[in-house]
Amino acid sequence: MPKFTTYDGIRLAYHLSGEGEPLLCLPGGPMGASACLGELGGLSAHRRLVLLDPRGTGDSDVPDDPASYRCDRQVADVEALRAHLGLDRIDLLGHSASGNLALLYAARHPDRVGSLTLVTPGTRAVGIDVTDDDWRSAVALREGEPWYAEGRAAFEQVWAGRAWSEVRSAIRPFAYGRWDATAQRHEAAAEAGRNRDAASEYYAEGAFEPKATAAALAEVTAPVLVLAGEYDGGPAPVRAAELAALLPNAELAVQRGAGHHPWIDDADAFVRTVAAFLDPDVRTVTTGGVRLAYRVRGAESAPPVVLVHGRGGDSRDWDRIAERLAATRRVYAVDLRGHGLSDWPGGYCFEAFRDDLHGFITELGLVGTDVVGHSMGGAAAVLLAEDEPDLIGRLVLEETPPFFPLDPPRGPAERPEGRLGFDWPVIAATDAQLNEPDPAWRGRFATVAVPTLVVAGGPASQIDQKKLAWTASRIPGARLVTIEAGHLVHAERPDEFLAALGEFGIR
């Protein structure tokens, strides 16, 4: 466990977890130890977490001067850690009360911030008040929970003037999306690691100058993610939105079903959102309430092409193709819902993937773009072309299901062991549609009014090649090219695949 010496001579501890670029993490509480963050739901698989034990907590020294616990004075501790690590700029994550500390650091040292991730952050530093009405609305969302009545009664006492600490045990469940054994263990450990005496000093008079801080933050150009929990009252999503509005390069994400500790409530959802934000190669756009991640290459002025992956894949499946196309094209590779770093909202179907693609194209202003879709991605693309051909320039359907009922039909699939890069319910939902597709889908192939290339993978593919040929025959003017590579043509035979695209006009 490494330590460093901060400005007043005391030794502060930090803990390391994971590999990659460092992410400095400040625990909430206030004045909780970093152990409450754990590995942030698995974020350590994407970044090297540098987990600070604030002064007087965890393995850090206890200062002689209790006034040094004040939030604004701990900015110097964060700066000392940055210098100790030899970093010119830091990616900084602050949870809960430490959101205030992260904001003060960014206001004081804007040139030292590479990115700022604020997880259910405190907002006192900028003068945004969490109101009783915010909590009333949050409490009402939990009405069906078995602990609701006791918790609501405790909140009524708080709203009448009683101290939170006196009814803490009854209101603890409201901090979590699910008050299960995992949440209860986390709450107990977090409380055990909290320095309550220091917490009383954290918000001491003089800690914050909201107007000055808000003005300074308006000049911060680093990217900022404000992550709120749907069920959280402090801050409620509406207050988190107010905070995001103060920062010129901020985005707001609201994690469904989450409370104040979103990495406990749904670790995978938390990690997808934060990892996408922190990855410089990934961008996001929200359409229809679903956050879609995507990767982009090539000059902004170049003609666009959108690449849409198959079932169980993601935007990285196109890396080799995207790199080559980017020499002359602006290449967008999207993660559809339920895949990669996009939201996994449930409720999957080909129509939903079609709508994702529609929203992606329109939100990014890519009307008229060429679209290349593999398998499930091709299905989404051809359904979109049937509905709104003006959105697409040229259309490439690589090994796209021809929408004939499967014979024999697919039975239930068994989920593989371990963590997946996609949401497993996608399989059952799309298998059901492949077994009994809407006949109107293939019946409308004749209405596709955009230049179309159908790429078949030959006899090694699980897709019926005769039916792919039939698809090409039904789409007016469509070309059919067979590249004997099986189902993953673009991955197995990238040179031949690119040559086929080039002959079709996508080069």
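A charge is taken to sit over a ring if NZ of Lys or CZ of Arg is within 6 Å of the ring centre and within 35 degrees of the ring normal. By that rule, the charged end of R272 sits over the ring of W344, at 3.9 Å from the ring centre. The model is predicted, and the points below are grouped by topic.

**Charges over rings**

- Besides R272 over W344, R136 lies over the face of W159, 4.4 Å from the ring centre.

**Nonpolar cores**

- In soluble globular proteins, nonpolar side chains tend to be buried together.
- The largest nonpolar core here comprises 47 residues, and those with the most contacts inside it are L92, L103, L116, L118, L217 and L243.
- Helix 2 (residues 98–108) supplies the largest share of this core, namely seven residues.
- Leaving aside residues up to four places away in sequence, L243 touches L103, L118, P121, T123, V126, I128 and V226.
- Another core, of 42 residues, lies apart from the largest one and has A138, W159, A183 and V271 among its members.

**Aromatic pairs**

- The count of aromatic pairs comes to 23.
- F4 and Y14 form a tilted pair, with 6.1 Å centre to centre and 50° between the planes.
- This pair links distant parts of the chain, as F4 belongs to strand 1 (residues 3–5) and Y14 to strand 2 (residues 11–17), 10 residues apart.
- F4 and Y14 are both buried.
- The pair of F155 and F174 is edge-to-face, because the ring centres are 5.2 Å apart and the planes stand at 80°.
- F155 lies in helix 4 (residues 148–159) and F174 in the loop between helix 5 (168–171) and helix 6 (181–192), so their pair ties together parts 19 residues apart in sequence.
- F155 is buried, as is F174.
- Both residues belong to a cluster in which ring pairs link W135, W147, F155, W159, W164 and F174.

**Helix 6**

- Helix 6 has 12 residues and spans 17 Å from its first C-alpha to its last, close to the 16 Å expected at 1.5 Å a residue.
- A183, H186 and E187 are buried in helix 6.
- The buried residues of helix 6 line one face of the helix, because they fall within an arc of 100° when seen down its axis.
- On the face turned away from this buried side, helix 6 carries the exposed residues R185, A189 and A192.
- The cover over the buried residues of helix 6 includes helix 5 and helix 10 (262–265).

How values were computed
Residues are numbered from 1 along each chain as its sequence is written. This is a predicted model: local features need pLDDT of at least 70, side-chain atom pairs count only at pLDDT 80 or more; totals for chains, interfaces and linings use all residues. Side-chain values use heavy atoms; hydrogens and water are left out. A nonpolar core is a set of buried Ala, Val, Leu, Ile, Met, Phe, Trp, Tyr and Cys residues joined through side-chain atoms within 4.5 Å. Buried means under 20% relative accessible area, exposed over 50%, partly exposed in between (1.4 Å probe, protein chains only). Helices (H or I, at least four residues) and strands (E, at least two) are DSSP runs, numbered from the N terminus. Contact means heavy atoms within 4.5 Å. Rings of Phe, Tyr and Trp (its six-membered ring) pair if their centres lie within 6.5 Å; planes under 30 degrees apart count as stacked, over 60 as edge-to-face and the rest as tilted. The expected span of a helix is 1.5 Å times one less than its number of residues. The arc is that of the directions from the helix axis to the C-beta atoms.
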